[in-house]
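Let's take a walk through the salt bridges of this model. Have the sequence and the coordinates open as you read.

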Amino acid sequence: NRSYPTAGAIAYHAQLSPHRRQQIEYKFMNGSIPTVVATVALSMGVDHPNVRFVVHWGPPDTAELYYQEINRGGRSGGACDAIIISKDSEFDQFEEGYFTRHLSPTQMDLHSTSLRFLRSFVSNLRICRWELLLSYFGETVVPCTNCDICSAPIQEDDFSLLARFLFIALELTSIGGITTILRVAFESNDIKLTAAKSRARMLNNKGRNIRRCRAILPLLVDSRHLVRVNKTATINCRVVSYAIYTLTSIARQFLESPEETTVLMLPSPKDHDLKSWLASHVDSLATRSPPPPIEVEIETPERGYFLFTIAADPQYWSSILIAPSTNNNDSPLPCVIEAPGIQSTGVPIQKGDRVVSVDGQLVDKAGSPQTAWSSFTRACSTQRRDMHSITLTRPLVRAYSTLGGVGR
C-alpha cells in the first residue's frame, strides 16, 4: 500500500469479528473498498457483479475450488482477469497430512486427481486455458481467444542444453527433493556436470539458473521426459511432502544421443519481474474504465437480490415498522414500511426491504402474504427475548443505487 497507494486494499479472514467482516463486505459491495485481500472465508457466496480481477497468490488445493473462486468475477457480463501467481513446488504441500488427514481412500484418489490436473493446468503453455479447464469438468468448448495462451503466439525455444544438465543432475543425485539435487549439482565438481553447466552457460548467477531449472521441470513432466512422484518425510516432528523426479526412457535416450544432434523444443516459461508486474496491474485496476450501471433487466434469481443480515437489539427492533406484503406478485414476504435513519452496524435497513428470516428462522414465502406474515409473527414471538439477527432482501438494482454502486 505504501508503494502503490491506489490499490486501497483491506484484509478479510475468519479471525475477524462478524461485525468487522460485515463492514468490509458492505464497503466492498458499495465500491468504497476496491480491493479485498482475503482467505477462502470470502470465496463462498460473494455475488458482487463488478469484480474485475481475481488474483490467487499461491494455488488452491483442487481444480473445483479454483473454478469456484475465479467465478466470483465477471458476474455482470463484463471482463474479468483471473490471475494465479505460484511456483510449481507449492503444489507439493497439498499432499501433506494436514490437507488429507480427514479423507477416505476414495476421496484421496479424487483429491490427487484434481490436484494433478490443476498443477498441469497452471504449468500449461500450449492449450487454451478455458478449453482445458472445462474439459476437466466434461465440457467441450472452442478456444476462448482471451486467455494468455490464445491472445499471444506460443514461443518455443531449444532447451536441450539446460535439460541435459538437469537430466545428468537427477541421474547422479538420486536422494532428496529437487532443492537438494539442484544445490548439490551446482556445487559439484563432477566432470560431466561441470561440462554440462559450461555448455548451458550456467557457471555464474546460481540463483537465476536454479530458477530456470525449476521453471522447465513441469514442462519436462508434460513432455514425458520426467515422472513426478510425491513423497513424504518427517522433519522436526512435522510431515512434509516433496516431489521426486525420475528420468523416463525418452530422457535416457536423449542423454545417450550425441549432443549436436539433439533438440528439445519447449514453450518458453514466462519469467515476470513480480514487482513491476504487480505495479502494472495495480495501475490497470486504478485506471480501468468504470463498469456500466446495473441494468434493471436482471433475471437470474441469484443476481436479482441483495441479501444481508444485521444485528437487531430490542431498542432498534422496536423502531422498525414492518407490515404484511400488499403485492403478492412482487413478493409475499413482510415489508419494511418505516426504519430509523441512523444505524450503527451493518447495511442500513430501508423502506421496501423484505424480511427473509428472524434469528435463523425462515419466513414462509411459498404461500400468500398472510401466510408469510403468520410465520413471521411466530418467529418473532418465539425469539423476541433472545433475538440477535434479522435477514432481509432488497432488489439488487435498488441496493446498488442506495449503496452508491451505480456508475462507480
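First, some housekeeping. This is a predicted model, where local features need pLDDT of at least 70 and side-chain atom pairs count only at pLDDT 80 or more, while totals for chains, interfaces and linings use all residues. Residues are numbered from 1 along each chain as its sequence is written, and side-chain values use heavy atoms, with hydrogens and water left out.

Searching the whole structure turns up eight salt bridges (a side-chain nitrogen of Lys or Arg within 4 Å of a carboxyl oxygen of Asp or Glu). One of them pairs R119 with D92, at 3.0 Å from N to O. Helices (H or I, at least four residues) and strands (E, at least two) are DSSP runs, numbered from the N terminus. R119 is buried at 5% relative accessibility, and D92 is buried too, at 8%; buried means under 20% relative accessible area, exposed over 50%, and partly exposed in between (1.4 Å probe, protein chains only).

Next, R129 and D148 form a salt bridge with their closest N and O atoms 2.9 Å apart. R129 belongs to helix 5 (residues 129-136), and D148 to the loop between helix 5 and strand 5 (156-158). Here R129 is buried at 14%, whereas D148 is partly exposed at 31%.

Then there's K206 with E187, at 3.5 Å between the closest N and O atoms. K206 is in helix 9 (residues 206-222) and E187 in helix 7 (residues 178-187), so this pair ties together parts 19 residues apart in sequence.

Finally, back to R119 and D92: salt bridges with shared partners join them with D88 and R228 into one network.
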